[in-house]
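Subject: Handing over a structure

Dear colleague,

My notes on it come after.

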Amino acid sequence: MAVHRSLVIFAIVAFMAPAITLAMDYVMGDDKGWSLYVNYEDWAEDKQFYVGDNLLFKYNNASHNVYKLNGDDFNSCTVPSNNSLGLFSENDRIKFAVAGKKWYICGVTGHCNQGIKLKIIVLDSTAPAAPPSAA
C-alpha cells in the first residue's frame, strides 16, 4: 500500500512539474548595466519575460534613474513631472506582477533619446509552451 501511495504522489508531481516555473532575474544590459551605449532593444531581443520574473536596473544614480511609463510617453521620451514615479536607488528591482507591455526610460535629460530605454512584453507564466516545431 505504501509503495502504491508513493507511486501516485510521484505521478502527480511528475505531471505538474512542467507547470512549475522558476522566476528569472534579468540585469539590464548585463555587465554594462543601465547606461549609455547599450542597445536595449538588442539586449532584450532573445529574452522572454514572464510574470514573476524580475528586472534589475544597476546604475550610478548621480547619472541615471528609471521611470516606468505608458507607451505614448515612452515614444515621446516624456519624463513624468512627479519624481515619486521614478526609481533612484542604483539597484532597482521590478517584479513583473501582470502580463502585458512594459516601458522604461532613464529620465535624465537627453538619455531616453540617446537610447536608455526599454520596451518589452511580459508573458503570462501560466501560458502553455509553444508546440515543438516539425522536424
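The notes that follow begin with the whole chain and then turn to a few strands and residues.

This is a predicted model, in which local features need pLDDT of at least 70 and side-chain atom pairs count only at pLDDT 80 or more, while totals for chains, interfaces and linings use all residues. Residues are numbered from 1 along each chain as its sequence is written, and side-chain values use heavy atoms, with hydrogens and water left out.

The protein chain has three helices and eight strands, where helices (H or I, at least four residues) and strands (E, at least two) are DSSP runs numbered from the N terminus. Their order along the sequence is α-β-α-β-β-β-α-β-β-β-β. Of the 135 residues in the protein chain, 32% are buried; here buried means under 20% relative accessible area, exposed over 50%, and partly exposed in between, with a 1.4 Å probe and protein chains only. If one takes the contacts (heavy atoms within 4.5 Å) between residues at least 6 apart in sequence, 70% of them join residues at least 24 apart.

Strands count as paired if DSSP finds at least two bridges between them. S3 runs parallel to strand S1 (residues 25-27), to which three bridges join it, and Asn54 of S3 is the bridge partner of Asp25. With strand S6 (residues 91-95), S3 runs antiparallel and is joined by five bridges; Phe57 stands opposite Asp92, and Leu56 stands opposite Arg93.

In a regular strand the side chains alternate between the two faces of the sheet.

Two salt bridges are found in the whole structure, a salt bridge being a side-chain nitrogen of Lys or Arg within 4 Å of a carboxyl oxygen of Asp or Glu. One of them links Asp25 and Arg93, with the closest N and O atoms 3.4 Å apart. Because Asp25 lies in strand S1 and Arg93 in strand S6, this pair ties together parts that are 68 residues apart in sequence. Asp25 is partly exposed, at a relative accessible area of 42%, while Arg93 counts as exposed at 51%. Asp46 and Lys47 also meet in a salt bridge, at 3.3 Å from N to O, and Asp46 is exposed, with 64% relative accessibility.

Asp53 deserves a separate look. The side chain of Asp53 does reach the backbone nitrogen of Tyr50, at 2.9 Å. Residues touched by Asp53, leaving aside those up to four places away in sequence, include Leu22, Tyr26, Gln48 and Phe96.

Technical notes. Polar contact = N/O pair within 3.5 Å; in protein donor to acceptor, adjacent residues only side chain to side chain.
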